[in-house]
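Try each task before reading its solution.

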Amino acid sequence: MKVSADLCIVPMGVGPSVSPYVREIKGIIESSGLTATMHPNGTNIEGELSEICALAERCEAKLAELGVQRTFFTLIFSTRRDKDQSMADKLTAVS
């Protein structure tokens, strides 16, 4: 099932700056082949539900590999079954 998702991953207990961890996650998302747009509080991702869930797991595994002991995730999905609609289509519809 194709979905649009908003993914926010916050490594906990690593200090006030999470930029090094976000850079690692950004690289994983960019190499996934999924359409993704980073914004100040997360990343919008478009793809199959199973691919996005697998991507979130890869991101968590990378943080664990980097020594992060606790991670806070939000993952919000949006589906549309009556027609194909991309994230760009949604933005165009409200312009």
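**Exercise 1.** Decide whether Met-87 is buried or exposed, then find its contacts.

*Solution.* Start with accessibility: Met-87 has a relative accessible area of 16%, so it is buried (under 20%, with over 50% being exposed and partly exposed in between; 1.4 Å probe, protein chains only). Finally, leave out residues up to four places away in sequence, and Met-87 touches Ser-4, Thr-35, Asn-44, Ile-45 and Glu-46 (contact means heavy atoms within 4.5 Å).

A word on the model: it is predicted, so local features need pLDDT of at least 70 and side-chain atom pairs pLDDT 80 or more, while totals for chains, interfaces and linings use all residues. Residues are numbered from 1 along each chain as its sequence is written, and side-chain values use heavy atoms, without hydrogens and water.

**Exercise 2.** Work out which residues bring α1 and α2 together.

*Solution.* First look at the α1 side, with Tyr-21, Glu-24, Ile-25, Ile-28 and Ile-29. These meet Leu-55, Arg-58, Cys-59, Lys-62 and Leu-63 of α2. Then sort by class: the contact has seven nonpolar, no polar and three charged residues (Ala, Val, Leu, Ile, Met, Phe, Trp, Tyr, Cys and Pro count as nonpolar; Asp, Glu, Lys and Arg as charged; the others, Gly among them, as polar).

**Exercise 3.** Pick out what Leu-55 contacts.

*Solution.* Set aside neighbours within four places in sequence. Leu-55 is then in contact with Ile-28, Ile-29, Ser-32, Leu-34 and Ile-45.

Methods
Helices (H or I, at least four residues) and strands (E, at least two) are DSSP runs, numbered from the N terminus.
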